[in-house]
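Here is a short briefing to read alongside the model.

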Amino acid sequence: MHEGQIDLLPGERVIWAGQPVRRPLFNPGDYFNVPAGLLLLGGVTLFFSGNHETAFLKAAWAVLTAAGVFHLVGRPLIRYLRLASTTYAVTDGRVIATSSLIRRKEDSAELAGLADPVVTPGPGKTGTITFGRLGVLAWASANFGAGSGKDREPPVILVGVSEVAKVREKLAKAVDEARQRQGSMAGE
């Protein structure tokens with residue numbers, strides 16, 4: 001990835017840029033999504049096993065079965081495919097994740113407002129970087145929106161980062177510098 005692919009703000013400079021070198025099919029959020037899909041499929045199968053008399057019941061069975069299969073297979077597959085087109089950038093003011101599975105999607109967050117970067121190690125020198133520790137439900141909602149309201153953005157998660165320890169150090173330094181700049185601006 002090079003700087004020409006990043007929509008920089010005026011005066012912004014790139015500290016690090018990269019893309020996932022490892023694309024895991026499952027993430028910690030799937031500890032919630034997969035059992036939910038299995039429960040949904042099991043419940044649908046038990047309830048509708050003998051109830052196919054009306055068109056409504058047939059349609060309900062098809063919709064609920066599709067929802068269960070989506071939880072089991074669809075979400076992980078979409079995430080896996082999206083990671084193939086994902087690029088990351090850390091500037092002196094923001095962290096940016098851009099992907100373009102169907103349409104271009106850019107998530108960014110101001111560094112000064114982020115918690116300290118946390119590494120979840122992967123195989124080799126790869127890993128995932130989150131900002132603060134995320135619970136299973138935050139992982140479950142990552143890449144599909146989190147929370148509600150205009151001012152609540154999904155967490156920016158850097159998945160499959162190569163040389164994750166070095167990138168984390170660059171991020172930690174950039175977050176500290178952004179906080180200091182914000183503090184000195186507030187003090188003026």
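Let's begin with a turn: a hairpin of five residues leads from β3 into β4. Please keep in mind that this is a predicted model, in which local features need pLDDT of at least 70 and side-chain atom pairs count only at pLDDT 80 or more, while totals for chains, interfaces and linings use all residues. Residues are numbered from 1 along each chain as its sequence is written, and side-chain values use heavy atoms, with hydrogens and water left out.

**The four-stranded sheet**

- Strands here are DSSP runs of E with at least two residues, helices are runs of H or I with at least four, and both are numbered from the N terminus.
- Four strands make up an open sheet with antiparallel pairing, in the order β1-β2-β3-β4; two strands count as paired if DSSP finds at least two bridges between them.
- β1 (14-18) and β4 (105-110) are the edge strands, and each has a single partner strand, so one side of each has no neighbour in the sheet.
- On average, neighbouring strands of this sheet are turned by 15 degrees against each other, direction ignored; the axes are lines fitted to C-alpha atoms (for helices over the stretch in contact), and angles run from 0 to 180 degrees between N-to-C directions.

**Strand β3 and its two partners**

- β2 (residues 87-91) pairs with β3 in the antiparallel sense over four bridges, and a hairpin of two residues joins β2 to β3.
- Tyr88 has Ala97 in β3 as its bridge partner.
- β3 is mostly covered, with six of its six residues buried; buried means under 20% relative accessible area, exposed over 50%, and partly exposed in between (1.4 Å probe, protein chains only).
- Arg94, Ile96 and Thr98 point one way from β3, Val95, Ala97 and Ser99 point the other way, and all are buried.

**Asp107 in β4**

- Asp107 lies in strand β4, and Ala97 stands opposite Asp107.
- Asp107 counts as buried because its relative accessibility is 18%.
- The Asp107 side chain makes a polar contact with the side chain of Lys105 at 3.4 Å. Such a contact is a pair of N or O atoms within 3.5 Å; within protein, one must be able to donate a hydrogen and the other to accept it, and residues adjacent in sequence count only if both atoms are side-chain atoms.

**The three-stranded sheet**

- A further open sheet has three strands in the order β5-β6-β7, with antiparallel pairing.
- β5 (117-121) and β7 (158-161) stand at its edges with a single partner strand each, so one side of each is left without a neighbour in the sheet.
- Neighbouring strands of this sheet are turned by 25 degrees against each other on average, direction ignored.
- β6 (residues 127-131) pairs with β7 in the antiparallel sense over two bridges, and Gly127 has Val161 in β7 as its bridge partner.

**Val69 in helix α2**

- Val69 is found in helix α2 (residues 55-84) and counts as partly exposed because its relative accessibility is 41%.
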